[in-house]
Amino acid sequence: MIDLARTPLRALNRELHAPAGDAYEVLNPRGAHAVAAGLCHAVAVEIRGHVGYYCAGMNQLARVTVHGNAGVGVAENMMSGLVRVRGDASQSAGATAHGGLLVVEGSASMRCGTSLKGADVVVGGDIGAMSAFMAQAGRIVACGDAAEALGDSIYEARVYVRGKVASLGADCVEKEVRDEHRAEVAALLAAAGFEHDPRDFRRYGSARRLYHFTRGNTY
Amino acid sequence: MCGIVGLHLRDPELHPCLGRLLTSMLAGVAERGPDSAGVAVYGDRRRCPEGYAAVSLLDAPPDLPVPGALVTEAGDTTVVAAPLPVEELLAAVTGARVVGAGTEVTIYKGTGRPLDLARTYDLADARGWQGLAHTRMATESQVTAEGCHPFSVGPDQCLVHNGSFANHASIRRELVAAGVAFDSENDSEVGARFVAARLAAGEDLDKALRALCERFDGFYTLLVTSADGFAVVRDAIACKPAVIAETPRWVAMASEFRALAELPGIDDARIWEPEPERVYAWQW
């Protein structure tokens, strides 16, 4: 157990980067930035409270749970492992993440999964405006609503939304949901621990009109 | 970058703690703005007793002709309070650089590290019912006490801004043409003058800030306060951070959660991130 009211943040992260144990509990994060960032071992980290920016950024292998809200860029550039936020996440949750699973049990703010590069993001509530912007690979599942400009300039990431979509961004379209997609949603919901019916989700992705250089794409 | 904090205390039992709470909030955003810091405190009767008006001045001349005045020196700032109507007190200090006036608000500005400035302002011992602070990392104009937020251009009004306005020069020209005088070249002052003009025309904070969203282009998270209001708004793409927390005892906003972490009852507070171009206003 490491109490951030007494232990400097750098001491915590040094320990987690070369861990002596395989399970840690972190107390009193009080919105500190970069808590449990850059982990690369299969440790379990339970953080009791709200964290600031870039919590569990660049994560590899570790299982990090935030028992509270997360600030900007939780699990940004994650490579593997599992990051779970029990509360809400601020902007740019899972930004540019390559692998692993990010679960937000509450809602995620704007730019969720921006430039996603292969990770999976499952959000229990809503996702904010401009989510999945330029997302290249991976899956985003929102059990609530999506705000404006979902999937603007999206590449090959797949987005599933159970509720309403306020508007779609440039080159993002609704797509047919086939059995393989329902199976994909079911597996992601199961991994995240949510119990929704996969048939309630609609699928969104790229119309593939924007990202090829063609003479039609002149402005 | 810049940092903003604001706190409105609903519970009078907390009024003696305002300065201590505001200092802890300022510490949470000190890294976001190491150039300078400004503070506004509402209802601090040490500095502006009941029945008095107060003006906050920069580089005040040593012999202000205000008989019976209560004068507080705090670094670059001098607060002068007197048992006069606000207009008479303002007339008495003609020639001094006024950065705030009213019957509730006292304002402190200076350059340097925010927590050093908090000591200069004696913030920890401040009492009152509302306060806000801004830590500045200057982008659009010089690091001077004049460039510090809050901008207070109407009685008991304050505006603090994180971001930069893109079309401030155009709006400044319009306001100047309409007879509005400016004190600085700062883009945020244009926002403050715009809001003050709307409030003077009878609009409430909600309406004035919705008008600001329609007219201003650029990045902004704004906290605007008055003798009867506390309001937050962000630009259309929510470029600059903000978090709001509310309990039955207080309403608070900050650029980051860590500035709220020490508030009493924060563990049970309702905490949320304000949505773009939505005005969150509390009026009483």
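This is a predicted model: local features need pLDDT of at least 70, side-chain atom pairs count only at pLDDT 80 or more; totals for chains, interfaces and linings use all residues.
## A guided tour of two chains

Next, bring chain B into view. Where the chains touch, nine residues of chain B are in contact with twelve residues of chain A. On the chain B side, six of the touching residues are nonpolar and three are charged, with no polar ones.

Now stay with chain B and select two helices: α4, residues 168-177, and α5, residues 187-200. Two packed helices are described by the angle between their axes and the distance between the axes. Here the angle is about 45° and the axes are 9 Å apart. α4(B) and α5(B) are therefore oblique to each other, and their crossing is left-handed.

Which residues of α4(B) and α5(B) meet? Show B:H168, B:I171, B:R172 and B:L175 from α4(B), then B:D187, B:V190, B:R193, B:F194 and B:A197 from α5(B). This contact has five nonpolar, one polar and three charged residues.

For the last stop, select B:L57, which sits in strand β3 (residues 53-58) of chain B. Is B:L57 buried or exposed? B:L57 is buried, because 22 other C-beta atoms lie within 10 Å, and 20 or more count as buried. Leaving aside residues up to four places away in sequence, B:L57 touches several residues, among them B:T77, B:V80, B:V93 and B:V99. Finally, pick B:I107: B:L57 and B:I107 are 50 residues apart along the chain, and their C-alpha atoms are separated by 8.5 Å.

Note on methods: Residues are numbered from 1 along each chain as its sequence is written. Chains are lettered from A and ligands numbered from 1 in the order in which they are written. Two residues are in contact if their C-beta atoms, placed from the backbone, lie within 7 Å. Ala, Val, Leu, Ile, Met, Phe, Trp, Tyr, Cys and Pro count as nonpolar, Asp, Glu, Lys and Arg as charged, and the others, Gly among them, as polar. Axes are lines fitted to C-alpha atoms, for helices over the stretch in contact, and angles run from 0 to 180 degrees between N-to-C directions. Helices (H or I, at least four residues) and strands (E, at least two) are DSSP runs, numbered from the N terminus. Angles under 35 degrees count as roughly parallel, over 145 as roughly antiparallel, 65 to 115 as roughly perpendicular and the rest as oblique. A crossing is left-handed if the near helix is turned anticlockwise from the far one by less than a right angle, and right-handed if clockwise. A residue is buried if 20 or more other C-beta atoms lie within 10 Å of its own, exposed if 12 or fewer, and partly exposed in between; C-beta atoms are placed from the backbone.
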